[in-house]
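The sequence and structure come first.

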Amino acid sequence: VAFFMMIILAILFIAQGNAAPVSDLKFFNIGGLSQLFGVAVYSFMCHHSIPGIITPLKDKRHVYKLFLGVFSAVGSAYILLCTTAMVAFAAVPYPTCPAHPGNPCELQPLYTMNFASFDVQPLAYYLALFPVLTLSSNFPLIAITLRNNLASLIPLWRGHAKFDRFRNPLFALMVVIPPFAIAYATRDVQLLVQFTGAYAGLCIMFLVPAFLVFTARRIVQA
């Protein structure tokens, strides 16, 4: 709902004669490649749920067509969101939006904050809280998965009945503390996406699989 609401509000803003001239539109920015890779890596996380979606399907003959349609629709929606955002707010001179009805602002690192000054304040609050609601629903699932992976990878106190009850709380703290510390240290969303997505994410995507294949081949040859 929030996704399409932002598209509709941007289109209404453009329809009121506030569209940016073509000369103000940046069709390509080489400096944004790191953020592009970061966002792409985060979007790739949807593959985390694909096995759970496919497994219950009894007839899998049309799975490829199904996912082709889904990914095409999602990609089109993202292109529409980015295009309307760029056309609507690229030429706005104000750097930030007030937290009350007022002037619009230039594109913010967190796009939902562009609607903080919308006239209908309950709607503005809803859009501002949309990332919080999304993260609040996803963070526990990702944290539990990472905690279990760390517990399987690190043999700390494994097999010791005396300390076994401390394993889950310890690994849970290892997972939860870093995100909270980073959240208190910085509010630069683009910087977080750049480092956690572009660098760490790409290392996980390319280096970890290569390392696993290399290790597996050595084990098989031995």
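R61 is exposed, its relative accessible area being 65%. The model is a predicted one, and R61 takes part in a salt bridge with D59, with 2.9 Å between the closest N and O atoms. The structure holds one salt bridge.

**Fold**

The chain has seven helices and zero strands. Read from the N terminus, its elements follow the order α-α-α-α-α-α-α. The chain has 222 residues, of which 22% count as buried. Helix α2 covers residues 33–44 and includes L33. Helix α7 covers residues 189–221, and L191 belongs to it. L191 and Q35 are 156 residues apart along the chain, yet their C-alpha atoms are separated by 8.1 Å.

**Exposure of selected residues**

| Residue | Relative accessible area | Class |
|---|---|---|
| L33 | 31% | partly exposed |
| L191 | 34% | partly exposed |
| R61 | 65% | exposed |

L33 counts as partly exposed because its relative accessible area of 31% lies between the limits of 20% and 50%. R61, at 65%, is classed as exposed because the limit for that class is over 50%.

**Nonpolar surface patch**

Which residues form a nonpolar patch on the surface? The patch consists of V22, F27, F28, I30, L33, L36 and F37, which together have about 800 Å² of accessible area. Its member L33 lies in helix α2. With a relative accessible area of 31%, L33 can belong to the patch because membership requires over 30%.

**Second largest pocket**

The second largest pocket holds about 290 Å³ of space. It is lined by 13 residues, and those closest to its centre are F13, Q16, P104, F118 and D119.

Terms used: Residues numbered from 1 in each chain as written. Predicted model: local features only at pLDDT ≥ 70, side-chain atom pairs only at ≥ 80, totals over all residues. Heavy atoms only, no water. 1 Å grid on protein atoms, 1.4 Å probe; cavity = no way out; pocket = protein on both sides within 12 Å on 5 of 7 lines; lining within 4 Å. Points joined across faces, edges and corners; volume = space filled by probe spheres on them. Patch = residues over 30% accessible without salt bridge, like charges linked within 9 Å, V, L, I, M, F, W, Y side chains within 5 Å. Areas by Shrake-Rupley, 256 points an atom, 1.4 Å probe, with all protein chains shown as cover. Salt bridge = Lys/Arg side-chain N within 4 Å of Asp/Glu carboxyl O. Helix = DSSP H or I, 4+ residues; strand = E, 2+ residues; numbered from the N terminus. Buried < 20%, exposed > 50% of the residue type's maximum accessible area, 1.4 Å probe, protein only.
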